[in-house]
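Trainee: Could you take one part of this structure and walk me through it slowly? I would like to see how a single piece sits among its neighbours.

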Amino acid sequence: MYKTSDIIKKLDKPVLTKDDIPYSASLIFNAAVEKYNGKYVMLFRNDYGEFRNTSFEGTNIGFATSDDGINWDVSDKPCFELNDEEINRVYDPRITVIDGVCYVCFAVGTKHGVRGGIARTDDFDKFDIISLSVPDNRNMVLFPEKINGNFVRLERPMPVYSRDGKDRFDIWLSESPDLVYWGKSRLVMGVEHVPFANDKIGPAAQPIKTDKGWLTTFHAVELDPTRGKNGWEDSWKKQYYAGIMLLDLNDPSKVIGKYDKPLIVCDKDYELEGGFRKDVIFPCGNILEDNGEVKIYYGASDTVECLATADVNDLIKLCLE
Ligand code: BMA
């Protein structure tokens, strides 16, 4: 039984729930957050409509802004949704501002597998898609600057044939000169390197640059086949934790430190009670404040969006312990 690290402070309630949304909304979670043009900006996942056994009628992405990162104004309609013959939804966004330009990574559910998308937006109303990966790949997130002349992303392909035909999914990294063509792909960390994961891992929020390395959260999944009903479905056997690691500044495919226990687990009533899928922590956004506070935004139980904070030096210390 894991616990949230002592260096983490959680807010006493979620930062966003379905009750804050002025349009159809059932579950609000896995939100990207950045600072852009003097405001905090958030793109959140909204699963809406009727619940049909394992999923909802649809998913869209909503937009919210804030002056303090805690109290949010939600815009009056969703800002991004893809739905056509081939694509059934976009979800789990991550925002990274690079040279003043706002880029969004997102997962795309299609008839032919899950694709990782990257778009540019200048107003959070129009999203110009720059690239879409082949299936299956998701949880993409861009570094906030070019490294050795290239854009860099963390990503999570889903190899099935070569990994015993089951979830054994790892964190990878690729580079691109233009955000369109991606290559120089290399493994960052395997699921077997995370003591609190036995199923899969994946990138979380946009990496933060520190003088010790790129500080970055990830999610780690533990599967317990004996678990039964843990939410709305007949059974939910997985638990998702947030982890933290430090990547080399010059070659971020090298892990130079990681905390061998979860950083954040579900433990507050508001993260658990009434949750769709209990025991899920899924961070997609963070902000490093000038005073060294890191705001970590995470979806909890696939139901609400929450906020925890920690001091940047404490986080680095955990990785290097
Ligand atoms: C993952 C993704 C996330 C979700 C998590 C837990 O596979 O689909 O969007 O939060 O499962 O259900």
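Mentor: Buried here means under 20% relative accessible area, with exposed over 50% and partly exposed in between (1.4 Å probe, protein chains only). Strands are DSSP runs of E with at least two residues, and helices are runs of H or I with at least four, numbered from the N terminus. Please keep in mind that this is a predicted model, where local features need pLDDT of at least 70, side-chain atom pairs count only at pLDDT 80 or more, and totals for chains, interfaces and linings use all residues. Residues are numbered from 1 along each chain as its sequence is written, and side-chain values use heavy atoms, leaving out hydrogens and water.

Now let's meet the neighbours. Two strands pair if DSSP finds at least two bridges between them. Strand β11 (residues 151-157) pairs with β12 in the antiparallel sense, over five bridges. Within that pairing, Leu-154 has Leu-173 of β12 as its bridge partner. Strand β13 (residues 183-189) is also antiparallel to β12, with four bridges. There, Ile-171 stands opposite Met-189 of β13. β12 and β13 form a hairpin with six residues between them, and Leu-179 in the turn has a positive phi of about 75°.

Finally, step back to the whole chain. The chain has two helices and 21 strands, and 60% of its 321 residues count as buried.
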